[in-house]
Amino acid sequence: MSADPIAIKPRPEQMQVQPQNPPAFTWSRHPLKPASYTVEVKSGSTVVATYTTKRNFYLPTKAFAAGTYTWRVTPSTVEAWSTPRTFVIDSTSKVFEVPDSDVLRSNAIKHPRPRILPKEFLPAAQWSAQMKTDRGAALNRLTTEVVGRITSLPAIRDADWVMFATSTMTAARSAQDTDIRTKIGLAARQTEAAALLFRLTGDAKFLNEALLRGDQLAALNPYGTTSYSNQDQATRQIAFSLAKTLDLLYDKLDATRRAAWLKVIEQRVAVIYTDLAGGDGRMDQFPFDSHGGSNLGYTAVIAALVLNEIPAAQNWFDFAVRSFIHSTSVWSGPEGGYSQGTAYGTYTADILIQQWQPLGEALGMNLFNKPWAIGFTNYMMHFLPPGSPGNVFGDEREIIPNWGLTKAFASRYTTPTAAWYAKNQLGEENDLTLLTARYPLPVQTVATAVPPANAALYPSIGWVAMHSSMADRARTSLYFKSSPYGSYNHSHSDQNSIVLNSGGRRLLMEAGYQDYYMSPLVTSWYRQTKAHNAITYDGGIGQFTQGTGENLGYNGRITAFSTSAALDYAEGDATPAYAGSLNSAIRKVWYLRNQDAVVVLDKLSAPAAHKFEWNMHAAGPIKAEGGGKVSITNVDRSVCLTDLSSGSVFETRSGPPPKAGTVENHGAYAKSAAVTSAEFLVVLDVGCKRPALSLTTSASGRTLTVGTQTLSLPK
């Protein structure tokens with residue numbers, strides 16, 4: 001098994017109940033690079049299944065009976081069985097069976113054109129009265145949008161962009177990337193939307209517009225500034241939109257145009273496929289590639305749409321489709337979640353709807369039924385609930401979310417919690433995905449809407465949510481993170497950090513903003529521990545963050561979690577994140593629901609003496625009141641902090657100018673002397689109700705009373 005931190009991890013892991021049945025098996029490649037592997041599954045001493053595969057993952061086609069199993073794997077070249085690992089299938093394990101590639105290919109080929117649309121798809125003239133009520137506004141909006149852009153949207157040209165990729169990202173290059181992504185996105189949307197409107201209305205002006213814009217996309221040089229090597233998001237979007245538009249207008253394309261579009265699709269996808277399949281399928285062994293994961297999905301959908309049109313599509317299909325369904329996202333375990341932050345989680349929700357919906361129709365299966373996806377929906381409910389002021393953790397967390405995207409994802413489910421989220425969340429779904437979705441949406445069939453639990457742990461990503469009441473839009477929300485993903489990719493050096501919101505206001509926020517990916521501002525401030533509500537020392541020195549893959553090894557984890565009606569508790573260990581500069585960095589967090597108060601206890605030790613700091617950041621004034629007391633006010637919401645530990649003083653801190661139009665203030669409780677061990681014990685009183693605080697010590701431990709609630713604390 002490889003010790004490389006960015007290599008694939010073996011799963012299922014020890015004794016975990018599997019959300020999905022059958023589970024997907026993954027392991028690191030054997031150094032001998034065998035032609036195949038054998039996977040053996042046992043129930044007790046009985047072998048119940050044996051699989052052979054050429055790749056270092058296997059997704060069985062049939063579910064297991066409930067029970068406890070062990071699995072192991074060996075390369076074909078030598079008998080070198082891995083250590084047996086145990087997994088459990090029980091009544092909570094959801095059956096999700098994926099047929100073999102030949103069955104899926106046959107399903108796609110047999111699906112009448114358009115393959116991306118439900119077989120029950122109806123033109124707008126045949127809609128029922130209820131369907132007109134539900135989707136008429138979306139049809140009108142999309143019609144107005146496309147008609148307006150027929151005359152206002154400029155033609156896209158290769159000459160619009162002149163810079164090619166270099167090893168160093170600059171502000172100018174970042175701006176060009178954004179411009180390419182934006183303009184290609186607009187042109188692609190216009191192409192697809194016009195084609196769909198032609199299917200819905202039969203109006204020839206939409207057919208003509210779709211053909212015109214499709215020809216413009218096809219005319220872009222596959223090896224120029226929109227190439228895969230220069231802007232991979234552009235090349236995949238061009239191929240994706242041309243494939244979908246070709247599918248929608250299949251019987252309306254003349255032979256010359258069809259051949260021209262197919263040639264461009266083949267040229268662009270061939271480069272993506274070569275990259276993803278290179279190194280014997282590099283993504284199988286090194287999956288921590290956010291663009292690569294999305295590109296795998298685009299390849300899968302395109303392959304399903306052009307089967308029997310492009311000979312190479314069968315290879316693309318067999319490589320990408322089951323692999324994509326098997327993996328879905330490397331950014332969490334099978335229970336769902338998204339370690340790279342809610343902003344990128346939202347973008348992922350959008351991409352997955354765009355990919356899963358057409359792919360599922362073509363294959364004849366509902367990809368939204370994958371248990372990971374159900375967990376991902378719950379994650380969005382807990383970390384982007386209705387009434388939330390915005391994103392938490394990771395890059396672009398300062399961006400106001402597109403609430404319609406998370407709402408749309410939840411709308412693909414028939415659970416009472418999904419119904420609650422869709423009913424209470426703001427925003428409208430993308431008209432393009434809504435008008436190609438089956439009718440009615442699954443969430444529309446749910447009679448009862450119920451909010452999710454007030455607290456939840458997502459263990460594989462190390463995130464905890466604690467809410468006063470999910471049913472209350474003006475709730476208090478406390479978020480705590482100690483992640484095994486460390487500061488890799490879009491994650492920050494923020495292990496054991498917290499975020500506190502109340503009444504739709506930020507009270508303890510994350511500081512800074514991203515001007516462009518890995519800019520000097522980002523690397524020196526935005527991603528650093530000192531820009532988060534976390535522990536630093538000696539004037540802002542924090543957790544290790546450098547390069548890319550190595551950051552996975554400098555991480556955190558949630559070591560305890562419990563929840564009850566009155567009290568939530570979580571504990572995080574961020575010691576590895578400090579890369580040896582600390583011997584121990586433990587944070588314990590309690591949310592006292594009856595008091596609407598938070599208690600944070602940090603225990604720190606180090607091989608050398610340091611002045612430790614408990615950082616805080618706010619979108620309003622931070623006012624020192626003496627005696628370890630600090631108040632923070634953001635418009636009409638407030639929190640009062642009290643540090644009950646000894647040897648601390650409050651200090652005002654500074655940071656770079658915040659994003660234009662925003663306010664940031666910074667402070668810290670700092671130890672007045674350098675020490676090798678330290679403690680912070682901070683009470684956060686939401687609403688500044690000023691409850692009585694009492695801390696007593698006995699032989700068995702300490703007791704902290706906050707108003708009417710009492711906690712037992714370690715010494």
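Which residue in β19 is the bridge partner of Trp590? That would be Val599.

## Ground rules

This is a predicted model, where local features need pLDDT of at least 70, side-chain atom pairs count only at pLDDT 80 or more, and totals for chains, interfaces and linings use all residues. Numbering runs from 1 along each chain as its sequence is written, and side-chain values use heavy atoms, with hydrogens and water left out.

## The sheet

Strands here are DSSP E runs of at least two residues, helices are H or I runs of at least four, and both are numbered from the N terminus; two strands pair if DSSP finds at least two bridges between them.

Zoom out and there's an open, antiparallel sheet of eight strands, ordered β16-β17-β18-β19-β26-β23-β22-β21. β16 (557-563) and β21 (622-626) sit at the edges, each pairing on one side only. From one strand to the next, the twist averages 15° (axes are lines fitted to C-alpha atoms, with angles from 0 to 180 degrees between N-to-C directions).

## The second largest pocket

This pocket (an open set of 1 Å grid points over the protein atoms alone, with protein on both sides within 12 Å along at least five of seven lines) has a volume of about 500 Å³, meaning the space filled by probe spheres set on the points; the probe is 1.4 Å. Its lining has 21 residues (an atom within 4 Å of a point), with Thr53, Arg55, Ser101, Asp318 and Arg322 nearest the centre.

α8 gives the most to that lining, with five residues.
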